[in-house]
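User: I would like to learn how to read the main features of a model like this one. Could we go through them one at a time?

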Amino acid sequence: MVSTDINIKKSKAFDVAEIRKKFPVLERKVKGRDLVYFDNAATAQKPQVVIDALVRYYHQYNANIHRGIHSLAEEATAAFEATRDTVKEFINARHREEIIFTRGVTEGINLVAATYGRQHIKEGDEIIITGMEHHSNIVPWQLVCEEKKAVLKIIPVDDNGDLVMDDFEKLITPKTKIVSIVHASNSLGTINPVKEIIEIAHRHNIVVLVDGAQSSVHLEIDVQDMDCDFFVISSHKVYGPTGVGVLYGKKELLEAMPPYMGGGEMIKEVTFEKTTYNDLPYKFEAGTPNIADTVAFKAALDFVNETGKENIRRHEEALTKYAMEQLSAIEGVRLIGTSKHKTSVVSFIVDGAHPQDMGILLDNYGIAVRTGHHCCQPLMNRFEIPGTVRASFAMYNTKEEVDELVKGVGKAIKMLK
Amino acid sequence: MNAVQTIQETEDEITEEFSLFDTWEDKYEYIIDLGKKLEPLDTKYKIDEYKIKGCQSQVWLIANEKEGRIFFKADSDAVIVKGLVSMLIRVLSGHTPKEILDATLEFIDKIGMKNHLAQTRSNGLLSMVKQMKNYALAYQVKMNG
């Protein structure tokens, strides 16, 4: 085994100390201690460039977009649309109009469920999801199933937290219309074989939505290569502002879908008799969007691109490996989610200790972890646990911080025994 | 069990006990210890009817009335919550509905545990206090009716 130490500290292109300086929140203290922020899978901290872009928008060119002819409106529109171009590049979409701005992944999935789903799902049809979905990729489909009397089917998860792929194709029938799967699990870290799933689904003419909430910050995303039909992103997990997300959809699918919300911006012509809808992407962007945060989202993507996804990935992988080794060496700790293909999520439980007790004690050591079911109750039921303690790493986390976590876990266990 | 002292007196007593602790670790160790010592609730009460569902941990609470006083018993699957619950029982159990309804429970703030009652701590403790007061209100209505 190559020493994890070397991987973490001596990557030439990647200097974590320099990176940390770019995230102002990392300087703060919590309960008198240096903050150790390991709740990145919930939301990532923001670099100064993102905060600056947000403030600059309000300082210098706040205006409503797309219709004004004055200079500020033009500048705001240009900045807003520049983010669309950057997103297009970020996920390698074919066309810029395939990029729809939303409030986040949840809205993206709801949009597809409420438009494509309601248009194509008939009584007795089937939708397939996985056993490791976040509630946001379960409930929107349940709503469609309830309305249309359709059936929700689940690809099971094995003990390591991998999908039981042999079962997937068996679940498919001529009634299967949609497959909606998480790219990387928020609670286990498992990276699912989405390309293989899409390939199989397409053989049966089934469209596939990929939930990229957790993957877009860690993995190279190429929607053309992946060949997914829909892909959803939340900006705030990619070091960008909250309240912005992206729905990518293949152009021909988006064009055939009915609008999601009605209002301004999404129309071409309105009379009381008949309204014609605007072209993509505006058909799905009714009302004044979240301009400021969308503009600042570009700064986040540029920042990730400049730092280099591959560099970030190598750093996070080393941290994850180190944390898994160190934590599993503590007596009573059991890792949940031990797939060979993982993002930087380390979930664990401690014998005889409720995850919440661990979380409360760790917080007092200044360590921010997430405890609970992570909005994945069905998955927790599958592992027969009330929840886990989850540490999730970002580009700015360090080996020393992992050491703090390991120390904290050890102390917390001692206190709870 | 008779209410030999007022709610305020018990609150003051707990506040004084906590003033002896120097570090947060000492405080939590004490709370954890209280949690472990809390008499477990009979499993027949650990059902949805008595459950106060928090986001992460669960609390079960039962109340009985005897000679105009309310007696609480509770349990939780998380030990720190159980310790906090144990203190609430010590303070409120054995008092009249009016006394329970009037209780300000300021000791929680004084011992530095107020954050556990905050909305952001979805551990069911806030709901538990509300539920204890609801029981008191229900008994008060019943007694006066």
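Analyst: Start with burial in chain B: of its 145 residues, 46% count as buried. Buried means under 20% relative accessible area, exposed over 50%, and partly exposed in between, with a 1.4 Å probe and protein chains only. This is a predicted model: local features need pLDDT of at least 70, side-chain atom pairs count only at pLDDT 80 or more, and totals for chains, interfaces and linings use all residues. Residues are numbered from 1 along each chain as its sequence is written, chains are lettered from A and ligands numbered from 1 in the order in which they are written, and side-chain values use heavy atoms, with hydrogens and water left out.

User: How many helices and strands does chain B have?

Analyst: Helices (H or I, at least four residues) and strands (E, at least two) are DSSP runs, numbered from the N terminus. Chain B has six helices and three strands. Along the sequence the pattern is α-α-β-β-β-α-α-α-α. Contact means heavy atoms within 4.5 Å. Among contacts in chain B with a separation of 6 or more, 64% join residues 24 or more positions apart.

User: At what angle do H1 and H3 of chain B pack?

Analyst: Axes are lines fitted to C-alpha atoms, for helices over the stretch in contact, and angles run from 0 to 180 degrees between N-to-C directions. Angles under 35 degrees count as roughly parallel, over 145 as roughly antiparallel, 65 to 115 as roughly perpendicular, and the rest as oblique. Here H1 (residues 7–19) and H3 (residues 79–92) of chain B pack at about 140 degrees, with axes 8 Å apart. H1(B) and H3(B) are therefore oblique to each other. Residues making the contact include Ile14(B) and Phe18(B) of H1(B), and Met87(B) and Leu92(B) of H3(B). The contact residues divide into six nonpolar, one polar and four charged. Ala, Val, Leu, Ile, Met, Phe, Trp, Tyr, Cys and Pro count as nonpolar; Asp, Glu, Lys and Arg as charged; the others, Gly among them, as polar.

User: Now the sheets. What is the strand order in the seven-stranded sheet of chain A?

Analyst: Two strands pair if DSSP finds at least two bridges between them. This open sheet runs S4-S10-S9-S8-S7-S5-S6, with mixed pairing. Its edge strands are S4 (99–102) and S6 (151–155) of chain A, each pairing on one side only. Neighbouring strands are turned by 20 degrees against each other on average, direction ignored.

User: Is S9 of chain A mostly covered or uncovered?

Analyst: S9 (residues 230–234) of chain A is mostly covered, with five of its five residues buried. Phe230(A), Val232(A) and Ser234(A) point one way; Phe231(A) and Ile233(A) point the other. S8 (residues 207–211) of chain A pairs with S9(A) in the parallel sense over three bridges. S9(A) and S10(A) pair antiparallel over five bridges. In that pairing, Phe230(A) stands opposite Gly249(A).

User: Which strands form the edges of the four-stranded sheet in chain A?

Analyst: The order of this open sheet is S13-S14-S17-S16, with antiparallel pairing. Its edges are S13 (333–336) and S16 (370–372) of chain A. The twist averages 30 degrees from one strand to the next. Helix H12 (residues 309–328) of chain A lies across S13 and S14, at about 10 degrees to S14(A).

User: How many disulfides are there over all chains?

Analyst: A disulfide is a covalent bond between the sulfur atoms of two cysteines. The cut-off is a pair of cysteine sulfur atoms within 2.5 Å. The whole structure has zero disulfides. For Cys376(A), the nearest cysteine sulfur, that of Cys375(A), is 6.9 Å away. Cys376(A) counts as buried, at 0% relative accessibility.
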